[in-house]
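User: I would like to go through this model term by term, asking each time what a label rests on. Please set each value against its cut-off before you conclude.

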Amino acid sequence: MEAQMSGTVQFSCKCGKVSGRVADVTAKNSVRLACSCKHCRAFAAYLGDAERSFQNDYVQLMQTQPWMISFESGKEYLRNLRLTAKGPLRWYASCCDTPLCNTLPRRFPPFVSILVANFARQDDLPPVTFHAFCDHLPEDQRVAPSGSSAFRKFVLQFLWRVVQGLPFRFRQNPFFDEKGVAISDTVPLDPLRKSAAYQA
Ligand SMILES: [Zn+2]
Ligand SMILES: [Zn+2]
């Protein structure tokens, strides 16, 4: 039988002003993945945080359920930016430019991916079970597992989380107000900084 872990995990920005927790994390309600897509990379590079966020050409993220997240301090420092018109909102702590997490532009479907680098005790998180967008990496640098069966499992787990959010739990989301509007406006991108971030 798989070890069933469950616990509350703490996260914070680099300077510590923004802090919060994810309650009752299990390998069922949260998926830890590695992503090598150019947008995740550019997000970290844009904020000058590529070194901290990236390990061996990928960023680790924990996808979890928004209602499990609560902020303990510094919520007023939260800002988001958007690298592409249809892409996710990428949230960061404006006190120290720490990339924090991604959400969709609306509360439904419920979705949040927190950068693993922000967790104090990364060993308490579930192990990596999926590596996305790693095709460009040499075979020996990819984090197992990748490929279609890991992807199928990942999609099923996402759908399971969507169902968990119905009919009303998805409304409980610290990044959106009670009307479902994002709590901060999207900060416009500096075009030069953006193109430099994609080349970094
Ligand atoms: Zn900070
Ligand atoms: Zn990515």
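This is a predicted model: local features need pLDDT of at least 70, side-chain atom pairs count only at pLDDT 80 or more; totals for chains, interfaces and linings use all residues.

User: How many helices and strands does the chain have, and what makes it as compact as a globular protein of its length?

Analyst: The chain has four helices and eleven strands, where helices (H or I, at least four residues) and strands (E, at least two) are DSSP runs numbered from the N terminus. Its radius of gyration is 16 Å, close to the 16 Å that the globule rule gives for 200 residues, so the chain is as compact as a globular protein of that length; the radius is taken over C-alpha atoms, and the rule is 2.2 Å times the number of residues to the power 0.38. Along the principal axes, the C-alpha atoms fill a box of roughly 50 × 45 × 30 Å.

User: Why is Trp91 called buried, and which residues does Trp91 contact?

Analyst: A residue is buried if 20 or more other C-beta atoms lie within 10 Å of its own, exposed if 12 or fewer, and partly exposed in between, with C-beta atoms placed from the backbone. Trp91, which is found in strand E8, has 25 other C-beta atoms within 10 Å and is therefore buried. Leaving aside neighbours within four places in sequence, Trp91 is in contact (C-beta atoms, placed from the backbone, within 7 Å) with Leu78, Asn80, Leu100, Cys101, Thr103 and Phe175. The C-alpha atoms of Trp91 and Thr103 are separated by 7.7 Å, although the two are twelve residues apart along the chain.

User: What is counted as the largest nonpolar core, and which members touch the most others?

Analyst: A nonpolar core is a set of buried Ala, Val, Leu, Ile, Met, Phe, Trp, Tyr and Cys residues joined through C-beta atoms within 7 Å. The largest such core has 41 residues, of which Leu61, Leu100, Ile114 and Leu115 touch the most other members. Elements that give two or more residues to this core include helix H1 (38-46), strand E5 (58-64) and strand E9 (98-103), and the largest share, six residues, comes from H1.

User: How do you know that H1 is largely enclosed by the rest of the structure?

Analyst: Seven of the nine residues of H1 are buried, so H1 is largely enclosed by the rest of the structure. The buried residues are Cys40, Arg41, Ala42, Phe43, Ala44, Ala45 and Tyr46.

User: Why is H1 called oblique to H4?

Analyst: H1 and helix H4 (residues 191-199) pack at an angle of about 125°, with their axes 8 Å apart. Angles under 35 degrees count as roughly parallel, over 145 as roughly antiparallel, 65 to 115 as roughly perpendicular and the rest as oblique, and that makes H1 oblique to H4. The contact is made by Lys38, Ala42, Ala45 and Tyr46 of H1 and Arg193, Lys194, Ala197 and Tyr198 of H4.

User: What is the phi of Asp24, and what makes Asp24 partly exposed?

Analyst: Most residues other than glycine have a negative phi. Phi of Asp24 is near 55°, a positive value in a residue other than glycine. Asp24 is found in strand E2 and, with 13 C-beta neighbours inside 10 Å, counts as partly exposed.

Key: Residues are numbered from 1 along each chain as its sequence is written. Chains are lettered from A and ligands numbered from 1 in the order in which they are written. Axes are lines fitted to C-alpha atoms, for helices over the stretch in contact, and angles run from 0 to 180 degrees between N-to-C directions. Two residues are in contact if their C-beta atoms, placed from the backbone, lie within 7 Å.
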